[in-house]
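Trainee: I am new to this structure. Could you take me through the terms used to describe it?

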Amino acid sequence: ASPHWRAANVLPWPGVPASGSYKLYYAAGGGLGSGTAGVTGADGSMNLNLAPLPESVRAKFPHLAGATGLALSNADAAKVAGLASAQFAIAQFDGAGKLVQVTSLQTAGMLDDVFAARAANARLGLSFNGAGVPTFRLWAPTAKSVALDIYPDANAPAASSVPMRFDAASGVWSHTAPNANWTNRAYYTYTVQVLSRWANNTVVTNTVTDPYSVSLNANSARS
C-alpha cells in the first residue's frame, strides 16, 4: 500500500514513473484482484491524471515530496464521499496499456479531507439533552452499517439493537433515544459492518465499545 490518498483528488505514489497511465478502482463489497486480463472484481474505475503535487502537500508531507502526483477529476472527486466504505485499488499501466502493477492504498488523508471539517463540531460519543435523553454519535465513515446495542445491565444479553443513522457529509452515525429510560441504567456497544483488509477484503461484523467512552464495565466489554 505504497500510494497515499492525501486529499479527495490528490494521490502521491512514490517510486512509479510519471509516464504511462493510472486508474483508481473500487468495489462496494470487496473482492478486487488482478490477472492476465487486468484488474478484476471492480464495480467501476476512475482515470487518474499525472499532475504535480500541490505545494501544500509537499510541505505538509515532505516524505512524499518526490512522489509521482496523480489526480482525480473534480467530477470523480465529488463521488468519493459516497464510495468511502468500498475497497479501493490503484493500477499502473505502461504506454501500451498493459497492467504493470495493482495495489491497495493508504486512505487516511482522503477520509480527513472529505469528512473531518464537517465532523469537527460534532459532539462524538454520548451526550444528553436537558431532559436526560441520550444521543449516541460515532465517527465511522468507512462503515457499511452501525447498530446500537443496548443491555439492561453489565452482564445481560443484548435487550435491543437499533440501526443508527448515517450522515454522509460528516461520516457520523447517530441515534437519539426516545426518552431517558436508558440514562444511568443501560450499557451499550456498537455492532459495525466494515470491509477488512485483514479478512481478505471481505465485510466483517465487529461488536465494539464506544471509542469515546468515559466509563466501561468490568473487563471493558461494554460502555
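Mentor: We go term by term, starting with the ground rules. This is a predicted model, where local features need pLDDT of at least 70, side-chain atom pairs count only at pLDDT 80 or more, and totals for chains, interfaces and linings use all residues. Residues are numbered from 1 along each chain as its sequence is written, and side-chain values use heavy atoms, with hydrogens and water left out.

Trainee: Why is His175 called buried?

Mentor: Buried means under 20% relative accessible area, exposed over 50%, and partly exposed in between (1.4 Å probe, protein chains only). His175 has 17% relative accessibility, so it counts as buried.

Trainee: What does His175 touch, leaving out residues up to four places away in sequence?

Mentor: Contact means heavy atoms within 4.5 Å. The partners of His175 include Phe136, Leu148, Met164 and Trp182.

Trainee: Where does His175 sit?

Mentor: In strand β14, residues 172–176. Helices (H or I, at least four residues) and strands (E, at least two) are DSSP runs, numbered from the N terminus. The buried residues of α3 pack against β14 and also against β10 (134–139).

Trainee: What makes Asp76 and Lys79 a salt bridge?

Mentor: The definition asks for a side-chain nitrogen of Lys or Arg within 4 Å of a carboxyl oxygen of Asp or Glu. Here the closest N and O atoms are 3.3 Å apart, and Asp76 forms a salt bridge with Lys79. A search of the whole structure finds 1 salt bridge.

Trainee: Are its two ends buried or partly exposed?

Mentor: Asp76 has 14% relative accessibility, so it counts as buried. Lys79 has a relative accessible area of 47%, so it is partly exposed.

Trainee: How do you know that β5 and β6 pair?

Mentor: Two strands pair if DSSP finds at least two bridges between them. β5 and β6 (residues 68–71) have 2 bridges, in the antiparallel sense. Leu50 has Leu70 in β6 as its bridge partner.

Trainee: What is the strand order of the open sheet?

Mentor: Its 6 strands run β1-β6-β5-β2-β7-β8, with antiparallel pairing. β1 and β8 (99–103) are at the edges because each has a single partner strand.

Trainee: What makes a nonpolar core, and which residues of the largest one touch the most other members?

Mentor: A nonpolar core is a set of buried Ala, Val, Leu, Ile, Met, Phe, Trp, Tyr and Cys residues joined through side-chain atoms within 4.5 Å. The largest has 24 residues, and those touching the most other members include Trp5, Leu48 and Phe88. α3 gives the most to this core, with 4 residues.
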